[in-house]
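Colleague: I am new to reading protein models. Could you take me through one, feature by feature?

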Amino acid sequence: MNLKQVSLALALTACVSAQGQRVMDVNTKKLGATVQPTMYGQFFEDINFAADGGLYGELVKNRSFEFAQPYMGWRVFGNVELKTDGPFERCPHYVILSSPGHRERRTGLQNEGFFGIGVEKDKEYRFSVWAKAPKGNSQIRVQLINEQAMYEHQEFTEAKIDINSNEWKKYTVMLKSSRTEPKANLRIFLSSGNPVCLEHISLFPKDTYKGRENGLRKDLAEALADMKPGVFRFPGGCIVEGTTLDTRYQWKNTIGPVENRPINRNRWEDTFDYRYFADYYQSYGLGFFEFFQLCEDMGAEPLPVLSVGLACQFQNGEDAHAKMDELQPFIDDCLDLIDFANGDPATSKWAKIRADMGHPEPFNMKFIGVGNEQWDTPYYERLKPFVAAIRAKYPNIKIIGTSGPDSEGKMFDKGWVAMKAQKADLVDEHFYRNEQWFLSHGLRYESYDRKGPKVFAGEYACHGRGKKWNHFETSLYEAAFMTDLERNADIVQMATYAPLFAHVDGWQWRPDMIWYDNLRMFKSVSYYVQQMYAMNKGTNVLTLTTADPADPKGKKQVPVAGQEGMDGLFASSVWDAATGEVVIKVINTSKQERPISINLLGMKGEHAATTLTLSHNGSYDDENTLDNPEKITPKAGSAKAEDGKKNSVLNDQVPAMSFRLYRIKK
Ligand code: AHR
């Protein structure tokens, strides 16, 4: 052995016990940085049919005939005419159904929903329509049908509605489904001689999240709430920018009565020609009021992101953006939004709309993102007047800028310099990176400047090299990387995995956190990783270290972050003031079981511990699926801290490729 090898061997002895255990010290005597309540959250974007066809409960596609091709999603038959002088000025289209000209013929229309309409046996669905009978009383028949069925009748549920006024009125009927059908259609027949005008044809499950009429799909919203997110970023992502500025997400179009919210063309319609969805629009039925309400329901801080006047920089050149002297309407959007969320309905026009929608109390918005994933001078120069205007009017609102799409490098650094110069409160970083990146970035935030803005890891996910889908291994590496977020909670104040949702028939981007079809859903392993962190975030960081394998004297203490000599282990610890517990997270990314020994400095005697372990089910490629949604879930167990010579000691064997979390009462 040469001198260097001898030193390394000596150092290894200091951090590994005689029993070959990795020895770690958790200092429970001294509370470290506060872990912000916002630390682990969610990022919602309408990609992969996450809103219409996903979280938003509406089951009818193109309910107001406003798509560029007005009958997209519909099949019409008989005598159907499209009109444009409807009762809702921003959604002017409607149809008039008239006699087909023969009593043996039919007039009507049929909606395909979003990849079909999912209905369940014995559950109720609220059908509603705005209608008028221009030439005397008329009637429609509304059916849930299965076109593929070999039954005598395609329809399995039917109701009749009498339209008895020449004025536009809303008619509602409950349809109780006699069958479970994941891909039903909605069919409407004219069943009178007199014509009928129909507008905003809608079908919702009665049982939405919190039972709201314009509500959210219950299982998906509950999955969000079950994670106990601390912050909720919305509505995107690239849709904030738009393929063109006029198709950017515009929050003012998403509030007020749903019938009068103009639709928008989704930026994700055009992005990929290998998974192209020409019918991808935003009804805006899930709008900013609904987002704020969801945040309130879940106890998450709302974090809206607004356009900085840049259309998607990936998709456009300089000409596509608002010029510097054209930014005022964009700045007003930010100021008016704060007013909408927090203002007094007695004095503010925007707050009055919020109150009229049923929420006179403020939503208490504290954060605003200006620009999504923008980069370089076009962004930095545009951001300035936004910051000035927001600071002047709302000094307490925290402004979130962005370092762009790169996780490091020249443009990333340039972004940080610009955000520091503009005194952004937080900088939104994005990283969709491969396994190696996640495994080698366990000490990313240690070297960050503590005097500048805080970090919001706003979009990240481990994308497996050559296998870009959800699987256990990449989720485990996300968990490993997240120990660094936790360890550096003094600077990292928010983190949100991305994207959140994907419809199995309508996705363009993966991996994603929650997948679904029309009736079922599953939580990915990444969901459980996020949940384990979010529900065990504690209140203060505790120092967790081991002897530095590179220190010949074995005196220097370093974090356990997967660096050389750590045998693939990552670990972090927090104190939970609410329960009086020490929480320790250990991730073993190696293919072997790892014995560990944790000294609980400041604790004496024996202490019982509970554990939660997330492990694969035979293969690192394992993942939950619609058919096997609980293949991989965290499993509860127990452990014990013994009375050691100087302090309590927790000895354990951490299984190969697993994430184990301990809670120990002090
Ligand atoms: O999450 C998908 C996309 O990734 C987001 O819209 C964008 O911000 C990023 O490029």
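This is a predicted model: local features need pLDDT of at least 70, side-chain atom pairs count only at pLDDT 80 or more; totals for chains, interfaces and linings use all residues.

Colleague: Let us begin with the ligand. Which residues are around the ligand?

Modeller: A residue counts as near if one of its heavy atoms lies within 4 Å. Here the list is E45, G237, C238, W268, N372, E373, H430, Y432, E459, P499 and W509.

Colleague: How do the residues of that shell divide by class?

Modeller: The shell has five nonpolar, three polar and three charged residues.

Colleague: Which side chains have an N or O atom 2.7 Å from an oxygen atom of the ligand?

Modeller: For a polar contact, look for N or O atoms within 3.5 Å of each other. E373 has such a side-chain atom, 2.7 Å from a ligand oxygen. E459 also places a side-chain N or O atom 2.7 Å from an oxygen of the ligand. Y432 brings a polar side-chain atom to 2.7 Å from a ligand oxygen.

Colleague: How much of the ligand does the protein bury?

Modeller: Start with the ligand taken alone, which exposes 280 Å². The protein buries 96% of that area.

Colleague: Now the pockets. How much space lies in the largest pocket?

Modeller: A pocket is an open set of grid points, whereas a probe in a cavity cannot get out. The largest pocket holds about 430 Å³ of space. Its lining has 21 residues, and E120, P205, R217, N518 and L519 are the closest to the centre.

Colleague: Which elements give two or more residues to that lining?

Modeller: They are β7 (117–119), β8 (124–132) and α2 (218–225). By class, the pocket lining has seven nonpolar, six polar and eight charged residues.

Colleague: Next, charged pairs. How many salt bridges does the count come to?

Modeller: Look for a side-chain nitrogen of Lys or Arg within 4 Å of a carboxyl oxygen of Asp or Glu. By that rule there are 48 salt bridges. One of them joins the side chains of E213 and R126, at 3.8 Å from N to O.

Colleague: Last, the backbone. Which residues does a cis peptide bond join, with omega about 0°?

Modeller: Those are F234 and P235. P235 lies in the loop between β14 (231–234) and β15 (264–265). The peptide bond from A498 to P499 is cis too, with omega near -20°. P499 belongs to the loop between β22 (492–497) and β23 (501–503).

Colleague: Which residue has a positive phi although it is not a glycine?

Modeller: That is N48, with phi about 60°. Find N48 in the loop between β2 (40–43) and β3 (74–77).

Notes. Residues are numbered from 1 along each chain as its sequence is written. Side-chain values use heavy atoms; hydrogens and water are left out. A polar contact is a pair of N or O atoms within 3.5 Å; within protein, one must be able to donate a hydrogen and the other to accept it, and residues adjacent in sequence count only if both atoms are side-chain atoms. Accessible areas come from the Shrake-Rupley method with a 1.4 Å probe; for residues, only the protein chains shown count as cover. Ala, Val, Leu, Ile, Met, Phe, Trp, Tyr, Cys and Pro count as nonpolar, Asp, Glu, Lys and Arg as charged, and the others, Gly among them, as polar. On a 1 Å grid over the protein atoms alone, a cavity is a set of points where a 1.4 Å probe fits but cannot get out, and a pocket is an open set with protein on both sides within 12 Å along at least five of seven lines; lining residues have an atom within 4 Å of a point. Grid points are joined across faces, edges and corners, and a volume is the space filled by probe spheres set on the points. Helices (H or I, at least four residues) and strands (E, at least two) are DSSP runs, numbered from the N terminus.
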